[in-house]
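The following explanation leads through selected features of one structure. Please keep the sequence and the model in view while reading.

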Amino acid sequence: MSEEFMKVIVFQLKEEEYGVPVKYVGSIERMQNITRVPGTPEFVKGVINLRGVVTPIIDLRERFDLEITEYTESTRIIIVNIADKEVGMIVDSANDVIDIPESTIEPPPEVVGSVEADYIHGVAKLDKRLLILLNLDKVLSKDELKQIQTVEGTS
Amino acid sequence: MENNQYLEVFIDESKEHLQAMNDQLLELEKNPAELSIVQEIFRSAHTLKGMSATMGFEDLANLTHKMENVLDAVRNEKIQVDSNMLDIVFEAVEYLEEIIFDIAEGGDGKKDVKNIVEKLLQIEKGEVPQEENQAEVAASSEQILEAELGTDLPFNNLDEFELTVLQESRERHFNNFHIHVELREDCLLKAARVYMVFEILEQVGEVIKSIPSVEDLEEEKFDYDFDVLLVTKESRDDVYKRIMKVSEIERVEVNAFNVNQYMESKKQEKSAEQKAQMKKEETGDHPQTNTKSPKTQKDAKKKSVSKTIRVNIDRLDVLMNLFEELVIDRGRLEQISYELNHNDLKETVERMSRISSDLQNIILTMRMVPIEQVFNRFPRMVRQLARDLNKKVDFQITGQETELDRTVIDEIGDPLVHLIRNALDHGIETPEERAKKGKPEQGTLKLKAYHSGNHVYVEIEDDGQGINKEKVIHKAIQNGVITAEQSQSMTDQQIYELIMASGFSTADKISDVSGRGVGLDVVKNTIESLGGSITIDSRPDEGSLFSIQLPLTLSIISVMLVDVADERYAIPLSSIIETAIVKKEDIMHAHNKEVIDFRGKVVPLVHLKEVFEVPVEQDEKDDLYSIVIVRKGDKMAGMVVDSFIGQQEIVLKSLGNYLTNVFAISGATILGNGEVALIVDTNALIK
């Protein structure tokens, strides 16, 4: 029996490699000027003009509470479409499209004290590479957004 | 033709409704048990009926009305959906299509619909219609050609079809009556009386024929008497009494109409006629050739309706987005040609710029339509309705130049028709009632459209009797919309909203005007699907106000661009009163808030820098404040910005589905350099 494969786009954040299924990805853009939108969570960097469509952009580093770095030549914006929402995610670099066998995908490691891990769909092991597969729904989750807004509002 | 202006809209919309009916009927054929489909068809038929009656296409309205009756019965599970019933309804829709295509080609929309109407009636009564002679249609058209013969009997011109109906009804023990009605000579509203008589007759039976024709009667083209052929189950006396109930009637004669006798007397004539017909055919003069002359007339008329095509709004959206891309690249090209200083290139780019700005205008105007287009058909409708209802109404329209996106215009027509009909039927009282209440006999109905902030408001205001709260509650409880306990804790507003609940109608009886409770819930749904909202305000004996708020989705608005630190914002011009530059020492403090004295009024200041948390490199010490004074209703506020850029027409875009409800930002726009600027929702900044 042939194995089921999943085509993913591989991108980097800090030293780690992440993957999003190709079917959700609309395009990959270079870094460009972003218009800040006030009153939104920190990780929402603002909006860009994507071929005539105003598209919101989030910084994945900030979304995952990783340290913030300067954007570089290799910084990319991955435009994803999920449930009629179109959002761009800023990543350190996007460099690969690979097929990963479904069998290599494992559920996310459960570590005591890790709450935010619910946006990880699973981990794929490929030779010596570890690929973190994202649960885009959760990454863009509105509930989380609202929570953050209320926290900000009360502080 | 005075209707020309709305004829196009009518034709387009009718075609759309017919298409919808066809689709839904096919769907119904697949799932005969699905009553929600019937509901859909019913709504389409209902709207079509209203529109065609307004436009004066009687046959169309008549046929749709009968069809509606059948559908209503199906909806109420009085009639089963079966292939026979579907066949007839399909046939009816086919007829409707023919009529509308005839109208579209410049025809007058007249067609003999009696045949199909009869079939529908039979279904309605639960009978199985039998196949009828196809020759009838031809016979009736010939009837028109025939000159009226000068016999004493008014009904000497019955066609075969009418005869069949009369004969059949006799066999079924219905009574056929020839009714002669004379109106009093001082009767003022002749058409209204006729309408009332006809309404009574339709209640007890079916009018087969009238002389003069119904059209002529409605247009008051008769003296003081008219004749009607009625098929009914009621007795002669009963019919007589019912008609006499209508006031201003001088005399009524009800006589049995003997079909057989009529047939006898006609027989001889008929045979002679047939011979003539045969002769015609022998000489090759087919009836078809007869119809040719009207056709050529039609061809001549054809040009009167300009051709339109309907384009899917999605495609216009795509076109718009693509065009904006082009504009951005155009900007770059201009920059490059300027730098290279190459003559040919420069010329080409200039040419391209000119063409593209023309193109831009066309694309923008393609989407924006003044609401006039919708409003224009109302005065006529109101006039006719008021006449039908015996009410006096002064109809005032303001703000018809307000522009709205085509999407909204297309959808807003039906809801407004419903609301206006509603106001006339339930809101404004009869002149007698009004006089009793000490109000002027003539009621006032106002239709108003205006821009405010990022919304367009459409208001329908009448000075009628208002909404009867008790009646609404009673009805709602009766119909199971709410429980008695719930009604206790409801606010006035909530009670008024009840009339928009599904299946609710306060009219005690079904009239042609107010419909059957399919009106207001549809209105609400349509408006909400457009992202708008509707509120009702009402005072007993003072009137009601239906206010529809519609968003300005994807429309072009004029804005003032301003800079706040390094960010650029757009403030809608519609809410700006003026701009001012104020010295720092002129700013006063009231209750710990910065205010200025603006033309004698105290206006609070809002620092956009603070509201939007704009990152600032270093605090500049500026002695002058640049202020944009905006308003919301009567209230004003001053927005403190760093500098004014200027005025511009922009395309309003949403921030997408991800960022919704951002405080004080109503959307975004793409500037000439390709960057995004946010649009300030000033209404949110004024409390």
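A residue is called buried when its relative accessible area is under 20%, exposed when that area is over 50%, and partly exposed in between, with a 1.4 Å probe and protein chains only. This is a predicted model, in which local features need pLDDT of at least 70 and side-chain atom pairs count only at pLDDT 80 or more, while totals for chains, interfaces and linings use all residues. Residues are numbered from 1 along each chain as its sequence is written, chains are lettered from A in the order in which they are written, and side-chain values use heavy atoms, with hydrogens and water left out.

With this scale, Asn341(B) counts as exposed, because its relative accessibility is 53%. Although Asn341(B) is not a glycine, its phi is positive, at about 55 degrees. It sits in the loop between helix H13 (313-340) and helix H14 (343-367) of chain B; helices (H or I, at least four residues) and strands (E, at least two) are DSSP runs, numbered from the N terminus. Ala565(B) is another residue other than glycine with a positive phi, here near 50 degrees. Its loop joins strand S12 (556-564) and strand S13 (567-572) of chain B, and with a relative accessible area of 22%, Ala565(B) is partly exposed.

In H19 of chain B (residues 469-478), the residues Val472(B), Ile473(B), Lys475(B) and Ala476(B) are buried. Viewed down the axis of H19(B), these buried residues fall within an arc of 165 degrees, and therefore they line one face of the helix; the arc is that of the directions from the helix axis to the C-beta atoms. On the face turned away from the buried side, H19(B) carries the exposed residues Glu470(B), His474(B) and Gln478(B). The cover over the buried residues includes helix H20 (484-488) and helix H21 (492-497) of chain B. At the N-terminal end, Asn468(B) caps H19(B), with a side-chain oxygen 3.2 Å from the backbone nitrogen of Glu470(B). After H19(B) comes Gly480(B), whose phi is positive, near 75 degrees.

Key: Contact = heavy atoms within 4.5 Å. Polar contact = N/O pair within 3.5 Å; in protein donor to acceptor, adjacent residues only side chain to side chain.
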